[in-house]
Amino acid sequence: MSESSLIETLNSFFGGALTTLLGATIGRLMYHSGEVKLGNRKFFGKELLWEIPIAIGMAIIGEALASYLGLGQPVSTGLVATLAYLGPRGAEAVIIRWLGRHKR
């Protein structure tokens with residue numbers, strides 16, 4: 001009997017695209033939950049609806065970056081979830097900082 005990771009299991013049941021979207025959704029829910037805990041949002045508030053397009057967008061960006069970097073599963077799903085958690089502004093800050101270190 002072979003052992004498989006959570007990501008491999010999700011990929012076999014749902015396929016890579018849905019697994020990527022699931023990773024992005026979980027990343028955004030982690031961010032949203034943190035905001036709820038700080039009292040900045042209600043859990044079932046209108047802000048939750050704005051997390052959907054952010055999760056989809058960050059999934060697309062994360063998969064493109066993972067492909068560019070040559071990352072395989074489950075690392076690419078982890079990258080997607082991390083970028084989704086950071087969101088567009090957080091990802092932008094990381095990219096600007098990284099580009100600043102690798103400037104010629």
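Tutor: Of the 104 residues of the chain, 27% count as buried. This is a predicted model, in which local features need pLDDT of at least 70, side-chain atom pairs count only at pLDDT 80 or more, and totals for chains, interfaces and linings use all residues. Residues are numbered from 1 along each chain as its sequence is written, and side-chain values use heavy atoms, with hydrogens and water left out.

Student: Why is Arg28 called buried?

Tutor: Buried means under 20% relative accessible area, exposed over 50%, and partly exposed in between (1.4 Å probe, protein chains only). Arg28 has 5% relative accessibility, so Arg28 counts as buried.

Student: What makes Arg41 buried?

Tutor: The relative accessible area of Arg41 is 19%, and the limit is under 20%; therefore Arg41 is buried.

Student: How do you know that Arg28 and Glu51 meet in a salt bridge?

Tutor: A salt bridge requires a side-chain nitrogen of Lys or Arg within 4 Å of a carboxyl oxygen of Asp or Glu. For Arg28 and Glu51 the N to O distance is 2.5 Å. Arg28 lies in helix α2 (residues 16-37) and Glu51 in helix α3 (residues 47-69), so the pair ties together parts 23 residues apart in sequence. Helices here are DSSP runs (H or I, at least four residues), numbered from the N terminus.

Student: Which residues are linked in a network of salt bridges?

Tutor: Arg28, Arg41 and Glu51 are linked in this way. Glu51 also forms a salt bridge with Arg41, with the closest N and O atoms 2.7 Å apart.

Note on methods:
Helices (H or I, at least four residues) and strands (E, at least two) are DSSP runs, numbered from the N terminus.
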